[in-house]
Structures are given as C-alpha cells and as structure tokens.
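Biologist: I'd like to learn how to read a structure feature by feature. Could you walk me through this one?

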Amino acid sequence: MDLEYAIPENLYYDTHDFWIKVNGEEAVIGLSDYGQSNTGDILYLELLQAGETVGRGDKLGSVESGKWVGSLLAPLSGTILESNKDVLVHPRKVNTDAYGDGWMCRIKLRDSVEVKGLLTAQAYRKWIIEQETKEEEIG
Amino acid sequence: MERMGTPWRLLDMGAISAAHNMALDQVILDARSSNQVPNTVRFLQFSPSCALVGFHQAVELEVDENYCREQGIEINRRLTGGGNLYWDESQLGWEIFAPKNTPGIPKRLEDMYRLMCEGVVVGLERLGVKAHFRPTNDIEVEGRKISGTGGTEMGDIFLYQGSLLTDFDVDTMLKALKLPIKKLADKDVKSFKHRVTCLREVLGYLPPLADIKAALAAGISEVLGITLEPGGLTEIEQQRLEKELVHFQSEKWIRGTRIVSQANDLRMADYKSRGGLIRVSIRLDEKRQLIKSAFITGDFFAYPARSILDLEADLKNSSSNPLEIAKRVNQFFKSHNVRIPGVEAEDIYLALCLACSREGDRNDVKAL
C-alpha cells in the first residue's frame, strides 16, 4: 500500500503519532504527518514548560482541533528543556510543517533505554498501514 | 452497523450544577479508562443555567461575567473543545463514552464526528425533525443550528458530547456570552437569532422531555449498533465525584492556568457591492490569525437561502490570512453553487478582509 504521509527515515516514532529525533541524551519531538492529518487543523496547543518533568505515557500537553481536545502523551521520560513558543501561538504550523517549524518540545532523556521501545520509520509505516486497513474494513 | 454484545450504560442524572456535570465527565472518563464501568451514553441537564467555555478558551474573553453574576448564571469550563455556550434549564445534552478503538468508530476525527452526530440525527427523525450533520460538528435543520458538539479523550477513551436546543432563550444567551453582535442594529440581531433554532420552533410544540430522551437513545443505539441499559453511578464513581467536584468548582479549573494569550477583538465592516450592502461582524484573534466566528448580513438575496449560514459555519476558526480567506470563500461558492445577484465570491472576500483589517489599513484591502 502506498502511503500519502511523509515518514522521514532518520526519525523514530510511536503509536501516538509522535516523531522523535534523538541526539545523544536529548530528543526533539513533534506530531507526525499522519498524526496531524488525523487530527485536522490545530487551533490550540498547550505544552509542559521548560523545567517540568514527564514520564513516558504521561500527559505532555493538549491539542484542540475542530472542537476536539486531545491529550499529547510523552513518548519518552525526561525533563522539558524547551517548548516551541512559536508553535504555541501558531499551532497550525504543526499541520503545515510537522517535521520542521511544527516541532513541539526538546527533552533531556531520563532513561535512554526507552529509545529502544520506539518504532523505526519502517515499523511505523507498517503500523499505519495496519491502521488504514482496519479503517477500510470498517468502511 | 452490527449490534454488539455487551450493553452500554444509559446514565441520566437529571438537572445538576455546571461543576457537577463537568466533574462527572472526568469521573466517567477515569472509570471507563480503568475498565470499571461499561461504555456509557449520558444525558446532561443543568440547573441553574450556565455559561460554559471550551477547554482552551478564556472566560474573560467569552462570557459577560457581570451579567452572569447578576442573573445567577454559573460559569464553568468544559473538558471538551469548541466555543462558548449558554445552557439554560430547558436544554438537553448528550454524551458518549467509549474506547477509541471500538469497532465501527473511525479514527479520523471528521469521520468520527459524522458518525456520532448521525445517532442524534436519527433520533431527531423519530421526533419528526429532518436534521443533518454539518461539518465540522454541527447538526442543523434547514441550515439553522440545533445542536453543537465537541469531544475529548483520556488515554484510549473518548468523550463526545453535544447540546440539543429544545426550547431556547436566545435573548439571555446574547447577554450572557460575548458574541460578534453586541454593536449591531436590531435588524441584524434578529438575523443573528435566525442562525439557531430549537425543537419547539421546528415542531410547533415541545415534546415531553422523556420522549426526546427516548428518541435520542434509540437513534444512538441504532447508529452505533448497541443496546442501552439504564444504570446509575457506581460506588467508585460516586466517591470520585465528591473529590473531583472541589476541583471543578475552583477558579483554577474555571479560568485555566496555561492558556496562551488570546484575543477576541470584535471587528465590523460594511462593504458596498453591486447587489447591495454586505455587513460583516467577526470575532478575531489577530495574533493567532484566526477568525473565531463570523456573522454576515446585508440587503442581498442568496440562493440557496442557507448559503450564508453554511458559509459562516465554514469560516468558524478559520485563518484570517487574506489568501486563505480568498481560497475558502471561492471554494465554498463553487462547491455549494452559491448565487447572489450582484454579489460575487470576491465581494464576500473583500468584506471579510475589511473586517479583519485595522481601521487605518482598510484602504490597503484589495481584490486578489
């Protein structure tokens, strides 16, 4: 199945549709192209602030699109080094430049072993295909 | 959709305070998330009346707090997204709590909205009302809004909720909420009121509340392919409710703590087209380049008659960037085959751009 979503090879992903760029003990995260597409035009975005800590699977922030408030669940544990202030004011950048200006947080990792639990681009692509197939079956 | 085995709970707590209703949403999400309760459909009613803002909204921008205080209207904040609402004691709300991966429920939000609203549309049909889903998330009758909806999620569980206007006090709503019409003439206010309708107006009478609830429950059951069984709160939910209530009554919850600076400027513009005057009133968040809502009137005639109402719905929370406005208006005129003698899509675009611009910049607004 051909996918219409961009999935850069040099990034990790998780099943909550985050992309994760790991750089030593730090990681930058954002919403994947597939994630932003499912979410729709983003109107509001809230993120934890620098200095706050978060555990893997804990709430990192919230996002609102078309009257839906969704939770952003942290793909990795750590301390927030920086939240993208620009994207908080202009959250549509998540839609228009998911892997660039639409980045959300920079995190100092608490346990780099957690990275092993993330999906490679290939595994994420396979996971998306499974999701799309399920949707098609539902009709 | 196929009827599934395990019955869903039908929960009806009657009329309770805004904080109780908001706390209950959290409690049921928690309980469903930890698998302590079944999937649930809940009716909600409010007493006293209340003004509710969406999760990311700021109370001071959306609600006339002095008026609400004087009238005993409660103010609270929803877990769900969307705009400000006035909810009096005659309105009925409906909610659906279930896992996001429930078979038959689409993952893509816009598809999910359509399915959730379809249950209410089918329910209304049982009452003799021909209603339709209108993207993004309204239910309308002949173009006039009768139900607004929104949702949220916790872990793998979602909450989708909507209001149903049964019998509605529009004048109090206009006073309680900050809407884009405060400075308009009586004729325009009348036109604004025409944007919404209620069961009493559509049917010519108001069916008993029990009949409305039965019809909605039947519609939701049919569309989702589920069986509903009336039930109450579990002991765990009741205990949690007591604790959560304190939080949902607090200023910290009602006013929020992390809301990014927002704006809610009321802007108006009159634009003279060949076909007549176009008057646009918008609520604009200039910093975020967002048209929060738009209201378009004038002495022109649109075909189909509901075109302007649908265009207003389409413009809600859309970009105020001139290029985006032009694209949206043009696309809307084409897809809805809009015809207004003497008024082109470009006239509407120019009127909107005038309203979005600052007074001093209005001479710079040009056709694209």
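Biologist: Let me start with a pair of helices: is the crossing in which H12(B) passes H13(B) left-handed or right-handed?

Modeller: A quick note before that: this is a predicted model, where local features need pLDDT of at least 70, side-chain atom pairs count only at pLDDT 80 or more, and totals for chains, interfaces and linings use all residues. Residues are numbered from 1 along each chain as its sequence is written, while chains are lettered from A and ligands numbered from 1 in the order in which they are written.
Now the crossing: H12(B) passes H13(B) in a right-handed one. A crossing is right-handed if the near helix is turned clockwise from the far one by less than a right angle, and left-handed if anticlockwise. The names come from DSSP runs, numbered from the N terminus: helices are H or I with at least four residues, strands are E with at least two.

Biologist: Which residues of H12(B) and H13(B) make the contact?

Modeller: H12(B) brings B:Pro322, B:Ile325, B:Ala326, B:Val329, B:Asn330 and B:Phe333, and H13(B) brings B:Ala345, B:Ile348, B:Tyr349, B:Leu352 and B:Cys353. Contact here means C-beta atoms, placed from the backbone, within 7 Å. Sorted by class, that's 10 nonpolar residues, one polar and no charged. Nonpolar covers Ala, Val, Leu, Ile, Met, Phe, Trp, Tyr, Cys and Pro; charged covers Asp, Glu, Lys and Arg; the others, Gly among them, are polar.

Biologist: What angle do helix H12 and helix H13 of chain B pack at, and how far apart are their axes?

Modeller: Two packed helices are described by the angle between their axes and the distance between the axes. Here H12 (residues 322-335) and H13 (residues 345-356) of chain B pack at about 145°, with axes 9 Å apart. The axes are lines fitted to C-alpha atoms over the stretch in contact, and angles run from 0 to 180 degrees between N-to-C directions.

Biologist: At what angle do helix H4 and helix H8 of chain B cross?

Modeller: Roughly 135°, and the axes of H4 (residues 109-126) and H8 (residues 209-224) of chain B come within 7 Å. That makes H4(B) oblique to H8(B); under 35 degrees would be roughly parallel, over 145 roughly antiparallel, 65 to 115 roughly perpendicular, and the rest is oblique. H4(B) passes H8(B) in a right-handed crossing. Among the residues in contact are B:Leu115 and B:Arg126 of H4(B), and B:Ala215 and B:Leu224 of H8(B). The class count is nine nonpolar, three polar and three charged.

Biologist: How many residues does the contact take from chain A and from chain B?

Modeller: It takes 20 from chain A and 25 from chain B. Elements giving two or more residues to the chain A side include helix H1 (33-39) and strand E7 (68-73) of chain A. The largest share, four residues, comes from E7(A). That side divides into seven nonpolar, nine polar and four charged residues. E7(A) is also joined by two parallel bridges to strand E9 (residues 144-154) of chain B, with A:Trp68 partnering B:Gly151. Strands pair if DSSP finds at least two bridges between them.

Biologist: In what order do the six strands of the open sheet in chain A come?

Modeller: E1-E2-E3-E9-E8-E5, with antiparallel pairing. The edge strands, E1 (12-13) and E5 (53-54) of chain A, each pair on one side only.

Biologist: How many residues of strand E14 of chain B are buried?

Modeller: Nine of the nine residues in E14 (residues 290-298) are, so this strand is largely enclosed by the rest of the structure. Buried means 20 or more other C-beta atoms within 10 Å of the residue's own, exposed means 12 or fewer, and partly exposed is in between; the C-beta atoms are placed from the backbone. Strand E13 (residues 276-285) of chain B pairs with E14(B) in the antiparallel sense over eight bridges, and B:Ile282 stands opposite B:Ala294. The two form a hairpin with four residues between them, where B:Gln289 in the turn has a positive phi of about 50°.

Biologist: Where is a cis peptide bond, and which residues does it join?

Modeller: Most residues other than glycine have a negative phi, and most peptide bonds are trans. One cis bond joins B:Tyr303 and B:Pro304, with omega about -5°; another runs from B:Ser47 to B:Pro48, with omega near 0°. As for phi, B:Asn337 has a positive value near 50° and lies in the loop between H12 and H13 of chain B. B:Asn337 counts as exposed, with 9 C-beta neighbours inside 10 Å.

Note on methods
Two residues are in contact if their C-beta atoms, placed from the backbone, lie within 7 Å.
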